[in-house]
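Here is a short briefing to keep beside you while you look around this structure.

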Amino acid sequence: MRSLIDIKELSLEEIDSLVNCALDIIENPAKYSEKCKGKKLATLFFEPSTRTRLSFEAAMYELGGNVLGFSEASSSSSAKGESVADTARMISCYADIIAMRHPKEGAPLVAAMNATIPVVNAGDGGHNHPTQTLADLLTIKRKKGRFDNLTIGLCGDLKFGRTVHSLIGAMSRYKNIKFVLISPVELKIPDYVKTEVLDKNGIEYVETTDLQGAMAELDVLYMTRVQKERFFNEEDYLRLKDSYILDLPKLQNAKSDLSIMHPLPRVNEISVKVDTDPRAHYFEQALNGKYMRMALILMLLGIK
Amino acid sequence: MNIDSIKNGIVIDHITAGLGMELYSLLKLDTLDCSVVIGKNVGSRQMGKKDIIKIDADIELDVAILGYVDPNATINIIKNGKIVEKKAVELPKKLVNVISCKNPRCITSCEQELDQVFTLTDKENRVYRCLYCEAKAK
């Protein structure tokens, strides 16, 4: 029995296999429409989430399976003080696979250690969110046709952004990847990501505060939100916030085949005017998340 | 300090000066009924000064704790008044219930029956990370 808690648990071959499965699902949806008939996905969401939960549910329904679960901790037994371990043991009696989101980091791992069915981490605090990274990878594959020889710009909150850290971890395993890390000084990438991931894998990277200046060399631009509450004072926030809002003028020097991505929800960090630009791929990225979750459910349930 | 004074027991030698009391506490040597002697700042040709712990009983030592606190320490097993075995300790790959995670967002902060597990992620820099949240041990 296999779970997925951290994207690093997947080998490059397994990622290739998931991507190929997702591409086949896109091409031949009917072939997969009853693959999970009679199977149940339990969505255990201890904190609210719209996209991830609905994406998991849509994925299971499109595979012909059923879904049960809850969407906030107050409607679960944890409100009565039940431990994550006990919840996982109990749900194992009712479902075939679990997707769990929890505000505490490591909770899905605890569930996986106690469940007798596969557990997928659907986000644990600011820690891991492997299925978002799978969505990012499928988007890169579909838009760029490859995982190597890419210059990837990551922009915004690089300090606290779990999606950014996971994507760096996943892409650092491919050849000839360069990262351009674009953020305010206050939200620079943590040192441990540099030492334990980038330097360890001999990955080329540059750090800059200038989004527009970095634009011309990028193949992928991964935007994240710069949140006001991350700054020590409002003055700094007001001074910097517009520098990290992507709009059409900032895209003037960008490559014609740039892929603009965002894990969503977007607040104001990408102007809505960018949405109609053919390089804006963030809504398709959300759709890709559903396909990759379908592929992952099949893999973890051992269904071919 | 004369290790010959122990007949059957253990001498933890070459402890970095100042770490003896921490080891005494983490190894729970205060719970033993036998004689336990701690030497602090003992003269050492090799180290200048060192700490040393002598335990007058053949007990099961938690080598992981020893390795985590002071990988330079050595263990001498004494039988019939003689050193019969010298063991070097090394950084343990895993620590269970030795240190606690300080990350308030970690699942262990609210579910306290969970084992506190840390794994060695960077041997060179002696970095241990929480199994659950991957926060660095402090």
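**Briefing on chains A and B**

Chain A contains 11 helices and nine strands. Please keep in mind that this is a predicted model. Its chain B is divided into domain 1 (3-88) and domain 2 (94-130).

**Overall build of chain A**

- The C-alpha trace of chain A spans about 55 × 45 × 40 Å along its principal axes.
- The radius of gyration of chain A is 19 Å, which agrees with the value near 19 Å for a compact globule of 304 residues.
- Buried residues make up 46% of the 304 in chain A.
- Among contacts in chain A with a separation of 6 or more, 78% are between residues 24 or more positions apart.

**The nonpolar core**

- The largest nonpolar core has 117 residues.

**Where the chains meet**

- The contact between the chains draws 12 residues from chain A and 11 residues from chain B.
- On the side of chain A that touches chain B, helix H5 (residues 107-114) gives the most, with three residues.
- Sorted by class, that side of chain A has four nonpolar, five polar and three charged residues.

**Domains and strands of chain B**

- Domain 1 and domain 2 of chain B have C-alpha centres that lie 26 Å apart.
- Strand S1 (residues 9-16) of chain B runs antiparallel to strand S4 (residues 74-79) of chain B, and five bridges join the two.
- To find your place in that pairing, look for B:Asp13, whose bridge partner in S4(B) is B:Thr74.
- S4(B) also pairs with strand S5 (residues 82-88) of chain B, in the antiparallel sense and over six bridges.
- Here B:Ile77 stands opposite B:Glu85 in S5(B).
- The hairpin of S4(B) and S5(B) has two residues between the strands, and B:Asn80 in this hairpin takes a positive phi near 50 degrees.

- Most residues other than glycine have a negative phi, and most peptide bonds are trans.
- Which residues does a cis peptide bond join? They are A:Leu264 and A:Pro265, with omega about 10 degrees.
- A:Pro265 lies in the loop between strand S9 (259-261) and H11 of chain A, and A:Leu264 has its place in the loop between S9 and H11 too.
- A:Leu264 has a positive phi as well, near 60 degrees, although this residue is not glycine.
- Because A:Leu264 has 19 C-beta neighbours inside 10 Å, this residue counts as partly exposed; a buried residue would need 20 or more.
- In chain B, B:Arg126 has a positive phi near 50 degrees and is likewise a residue other than glycine.
- B:Arg126 is found in the loop between strand S7 (117-122) and strand S8 (127-130) of chain B.
- Is B:Arg126 buried or exposed? With 12 C-beta neighbours inside 10 Å, B:Arg126 counts as exposed, because the cut-off for that class is 12 or fewer.

Conventions: Residues numbered from 1 in each chain as written. Chains lettered and ligands numbered in written order. Predicted model: local features only at pLDDT ≥ 70, side-chain atom pairs only at ≥ 80, totals over all residues. Contact = placed C-beta atoms within 7 Å. Helix = DSSP H or I, 4+ residues; strand = E, 2+ residues; numbered from the N terminus. Nonpolar A, V, L, I, M, F, W, Y, C, P; charged D, E, K, R; others polar. Domains from an automatic or database assignment. Rg over C-alpha atoms; globule rule 2.2 N^0.38 Å. Core = buried A, V, L, I, M, F, W, Y, C linked by C-beta atoms within 7 Å. Pairing = 2+ DSSP bridges.
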